[in-house]
Amino acid sequence: MRESFAALTSGPRLAGRLKDHFPGLMVSILVALAAQFVAEHYGAPAMLMALLFGIALNFLGDEGPTAPGISFTARTVLRFGVAVLGARISVEMLLSLGWSMIALLVAGVGLTILFGIGLARLIGQRSRFAVLTAGAVAICGASAAMAIAAVLPKDERSERDLLFTVLGVTVLSTAAMILYPILTRSLGFDDLTAGAFIGGTVHDVAQVVGAGFSISETAGETSTLVKLIRVSFLAPVVVVIALSQPRGAVTGGKRPPLIPGFVLGFLVLAALNSFELIPAGLGQVLARISSWALLSAIAAVGMKTDLRNIIQVGGGAIALVVAETLFLAALVLGGISLIDLAP
């Protein structure tokens with residue numbers, strides 16, 4: 001009888017939740033569509049446009065019929081987008097780079113995060129904030145920032161820190177997309193080396209593609225491959241960060257799960273892709289779904305955060321994310337000079 005009652009009531013409850021979330025979800029998707037339109041027609045970064053449009057519509061996230069759906073998009077849709085990102089990763093892709101390049105990329109991720117934590121202590125910033133910014137710089141920009149923020153302890157500054165990090169890495173990534181190809185030419189890099197440098201240093205995937213293919217097809221393909229390998233490090237880094245949090249820091253009184261659900265989804269899809277169990281067409285569809293989910297989520301994050309709070313992060317936070325970016329660039333630049341990248 002109890003099961004029958006649950007079956008009868010679960011449908012209306014689900015319908016009620018969907019009704020509550022629908023307005024805010026639709027607003028987030030519309031903002032994402034507007035951001036993508038601007039990106040495609042005027043060359044602006046889609047993530048940055050979604051963030052700025054979201055900030056402009058901040059009043060929608062405070063209260064009213066759109067607030068529940070915006071919160072749902074900023075949290076649940078975000079995690080879904082990160083999980084589906086795993087369909088782009090495979091073991092074959094990882095091994096195709098060679099162990100020396102893989103080791104350099106692993107060192108880049110680990111040392112950049114450690115550098116960020118150390119510098120944060122010197123300049124009076126929180127270690128939690130340093131992990132967020134350094135992880136975003138080292139792995140995959142805005143996507144990494146949102147995934148890492150999902151497992152960090154929450155406080156009154158969490159959304160502000162996330163928004164600043166997404167804004168900061170997106171702006172720096174756009175600057176790198178313009179400056180790094182010029183740097184590789186001035187250093188006399190061949191196309192393969194230039195692609196490896198760009199893929200190992202630029203924060204966001206879209207900017208990596210733009211910078212790499214602005215040099216040549218070879219540089220573009222190499223930079224994209226290297227970048228996707230960095231993306232594959234997202235899951236293990238998020239797991240380590242989640243396990244390092246004290247009991248009750250993220251969820252009320254209980255330790256977070258050993259592997260967060262969205263990270264597990266990422267790993268499962270990466271494993272399926274490695275065994276070629278995801279058809280190429282489906283993989284492309286999942287990649288598009290992930291992109292739209294993350295774009296909608298960052299629009300929702302913008303609508304949930306007051307721009308006045310971002311301004312309060314101060315010069316130290318700006319110096320931190322810039323220093324982390326320069327550290328990663330110097331590390332990869334030194335590393336690839338010692339590696340034979342010839343196929």
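Predicted model: local features only at pLDDT ≥ 70, side-chain atom pairs only at ≥ 80, totals over all residues.
## Basis

Local features need pLDDT of at least 70 and side-chain atom pairs pLDDT 80 or more, while totals for chains, interfaces and linings use all residues. Numbering runs from 1 along each chain as its sequence is written, and side-chain values use heavy atoms, without hydrogens or water.

## Overall fold

The chain has 16 helices and zero strands. Both are DSSP runs, numbered from the N terminus: helices are H or I with at least four residues, strands are E with at least two.

Of its 343 residues, 51% are buried. Buried means under 20% relative accessible area, with a 1.4 Å probe and protein chains only. The accessible surface is about 15,900 Å², and carbon and sulfur atoms hold 68% of that. These areas come from the Shrake-Rupley method with a 1.4 Å probe. Take the contacts (heavy atoms within 4.5 Å) between residues at least 6 apart in sequence: 80% of them join residues at least 24 apart.

## Helix α3

Helix α3 spans residues 67-84, 18 residues in total. From first C-alpha to last, α3 reaches 25 Å, close to the 26 Å expected at 1.5 Å a residue. That expected span is 1.5 Å times one less than the number of residues.

α3 bends by about 35° at Thr 73. The bend is the angle between axes fitted to the seven residues ending at a residue and the seven starting there. Thr 73 is also buried. Other buried residues of α3 include Ala 67, Gly 69, Ile 70, Val 77 and Leu 78.

## Aromatic pairs

The whole structure holds four aromatic pairs. Rings of Phe, Tyr and Trp (its six-membered ring) pair if their centres lie within 6.5 Å; planes under 30 degrees apart are stacked, over 60 edge-to-face, and the rest tilted. Phe 129 and Phe 164 form a tilted pair, because their planes stand at 40°, with centres 5.8 Å apart. Phe 129 sits in helix α6 (residues 127-138) and Phe 164 in helix α8 (residues 158-186), so this pair links distant parts of the chain, 35 residues apart.

Tyr 180 lies in α8 and Phe 197 in α9 (residues 191-201), so the pair ties together parts 17 residues apart in sequence. Tyr 180 is buried at 11% relative accessible area. Phe 197 is buried at 1%. Ring pairs also bring in Phe 189, giving a cluster of Tyr 180, Phe 189 and Phe 197.

How values were computed
Buried < 20%, exposed > 50% of the residue type's maximum accessible area, 1.4 Å probe, protein only.
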